[in-house]
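Subject: Structure for you to look over

Hello,

Here is the structure I said I would hand over. My notes on it follow below.

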Amino acid sequence: MAIRVVVAGVTGWTGSAVARAILGGGEFVLAGAVARDAAGKDAGEALGLERAGVTVSATLAEALAAPSDVVVDYTKPNAVKGHALEALKAGRPGSGPPTVARSTRRRAPPARVSSRRAISR
């Protein structure tokens, strides 16, 4: 069964990349999209793609009216907390213990900074 995703900030730099990947097929389905400037348009057309059959909503509350499993938010930093609380109130997964996703790629340790130059640990 496909995971139904609502993307808030669907026409932004990162949100549009997420939505394109979802629309490209696989285990995810675009269930909702949020972007004030594209409200009322088809999500696919708003991204310059074929019609996706999902109408872009002006608010997250409108998008959450459709059944979905998860919300991905790439809006403004000052809106994310409110959107997360709204999604939790609507009963979207994540209302239980927090889940942390970590990359399996090995990362370089953070650099220490001296008055002369960065020093790697």
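Arginine 51 is exposed, at a relative accessible area of 59% (exposed means over 50%, buried under 20%, partly exposed in between, with a 1.4 Å probe and protein chains only). This is a predicted model, in which local features need pLDDT of at least 70 and side-chain atom pairs pLDDT 80 or more, while totals for chains, interfaces and linings use all residues. Residues are numbered from 1 along each chain as its sequence is written, and side-chain values use heavy atoms, without hydrogens and water.

Salt bridges: the whole structure has three (a side-chain nitrogen of Lys or Arg within 4 Å of a carboxyl oxygen of Asp or Glu). Arginine 51 pairs with glutamate 45, with closest N and O atoms 3.3 Å apart, and with aspartate 42, at 4.0 Å. Glutamate 45 is partly exposed at 44%, whereas aspartate 42 is buried at 5%. Through shared partners, Asp42, Glu45 and Arg51 form one network.

Another salt bridge joins aspartate 69 to arginine 4 (2.9 Å, N to O). These two are 65 residues apart, with arginine 4 in strand β1 and aspartate 69 in the loop between α3 (60-63) and β4 (helices, H or I, of at least four residues and strands, E, of at least two are DSSP runs numbered from the N terminus).

Core: the largest nonpolar core has 13 residues, including Val7, Leu30 and Val56 (buried Ala, Val, Leu, Ile, Met, Phe, Trp, Tyr and Cys joined through side-chain atoms within 4.5 Å). β1 (3-8), α1 (13-23) and β2 (28-34) each give two or more residues to this core.

Regards
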